[in-house]
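This briefing goes through one protein model by topic. The structure is shown first, and the notes follow.

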Amino acid sequence: MRNGAIPGSRGLVRPMRLLGDPVLATPCEEVTAFDAALARLVEDMYATMYAAQGVGLAANQVGVGLRVFVYDCPDDEDRRHLGHVVNPRLVEADGVTVRGPEGCLSLPGIEAGTVRHDRAVVAGVTVTGEPVRVEGTGFFARCLQHECDHLDGLLFTDRLTGLRRRRALRAVRRAPWAAADGARGHSSAT
């Protein structure tokens, strides 16, 4: 029998912010209040991530400019990693660099080969302020780097260059959600 509730089971699904929303391009603020509102945000973020069938979600993707992300992500050996980090810092990103497919819940349907380190370490605290250190390799390392980028106001498309960048931005302009949210005219993909 499982102890405690499944993350997100009591959360509300919040609207996802899409490319073109200024909150995605703005670096997030440090969390200073470890209270019920923060716990609710984390619970809602899990619910939103699961509803969108994602493996990670940063707070600014639901319109909250705080340094928080949640994840439920496998690594390359298919080991599940589940958790959250408040005030995360990417303290290590090393190993070989790998170009792998990467997408984003804030750019639905858009994917591109993006270069990331094969190992990443993130340090921060939990929702209750306890220190936490998360290490990932492979796909999970990609997730950790991706979510830390979000909190710094970056999207994976900001890491693309040349033809890959042009193709991704062309796909964004053609995406059905882009016209509805005003992202169609957003040329820098930030």
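Helices (H or I, at least four residues) and strands (E, at least two) are DSSP runs, numbered from the N terminus. The model is predicted: local features need pLDDT of at least 70, side-chain atom pairs count only at pLDDT 80 or more, and totals for chains, interfaces and linings use all residues. Residues are numbered from 1 along each chain as its sequence is written, and side-chain values use heavy atoms, with hydrogens and water left out.

**Largest pocket**

- A pocket is defined on a 1 Å grid over the protein atoms alone, as an open set of points where a 1.4 Å probe fits, with protein on both sides within 12 Å along at least five of seven lines; lining residues have an atom within 4 Å of a point.
- Grid points are joined across faces, edges and corners, and a volume is the space filled by probe spheres set on the points.
- The largest pocket holds about 300 Å³ of space.
- It is lined by 17 residues, of which Val55, Gly103, Cys104, Phe139 and His146 are the closest to its centre.
- Strand S3 (80–103) and helix H2 (138–151) are the elements that give two or more residues to this lining.
- H2 gives the most, with six residues.
- By type, the lining has six nonpolar, seven polar and four charged residues; here Ala, Val, Leu, Ile, Met, Phe, Trp, Tyr, Cys and Pro count as nonpolar, Asp, Glu, Lys and Arg as charged, and the others, Gly among them, as polar.

- The expected span of a helix is 1.5 Å times one less than its number of residues.
- Helix H1 (residues 36–51) has 16 residues and should span 22 Å, which agrees with the 22 Å between its end C-alpha atoms.
- H2 has 14 residues and reaches 21 Å from its first C-alpha to its last, close to the expected 20 Å.
- Buried means under 20% relative accessible area, exposed over 50%, and partly exposed in between (1.4 Å probe, protein chains only).
- Because 13 of its 14 residues are buried, H2 is largely enclosed by the rest of the structure.
- Buried residues of H1 include Leu38, Leu41, Val42, Met45, Tyr46 and Met49, and also the charged Glu43 and Asp44.
- Strand S1 (56–58), strand S2 (68–74) and S3 are among the parts that cover the buried residues of H1; contact means heavy atoms within 4.5 Å.
- Asp35 caps the N-terminal end of H1, with a side-chain oxygen 3.2 Å from the backbone nitrogen of Ala37.
- Gln53, which follows H1, has a positive phi near 60°, and Gly153, which follows H2, has a positive phi near 85°.

**Buried polar and charged side chains**

- A polar contact is a pair of N or O atoms within 3.5 Å; within protein, one must be able to donate a hydrogen and the other to accept it, and residues adjacent in sequence count only if both atoms are side-chain atoms.
- Arg116 is in strand S4 (residues 111–125) and is buried, with a relative accessible area of 3%.
- The side chain of Arg116 makes polar contacts with the side chains of Glu102 (2.8 Å) and Asp149 (2.8 Å).
- Glu102 lies in S3 and counts as buried at 4% relative accessibility.
- Leaving aside neighbours within four places in sequence, the contacts of Glu102 include Arg142, His146 and Phe156; Arg142, His146 and Phe156 are also among the residues that Arg116 touches.
- Gln61, in the loop between S1 and S2, is buried with a relative accessible area of 1%.
- The side chains of Gln61 and Ser106 are joined by a polar contact of 3.0 Å.
- Residues touching Gln61, not counting those up to four places away in sequence, include Pro15, Leu24, Cys104 and His150.

**Trp177**

- Trp177 is in helix H4 (residues 176–181) and counts as buried at 12% relative accessibility.
- Its side chain reaches the backbone oxygen of Pro108 at 2.8 Å.
- The C-alpha atoms of Trp177 and Leu18 are 8.2 Å apart, although 159 residues separate them along the chain.

- Most residues other than glycine have a negative phi.
- Asp78 has a positive phi near 65°; it is found in the loop between S2 and S3 and counts as exposed at 64% relative accessibility.
- Asn87 has a positive phi near 55°; it is found in S3 and is buried, with a relative accessible area of 11%.
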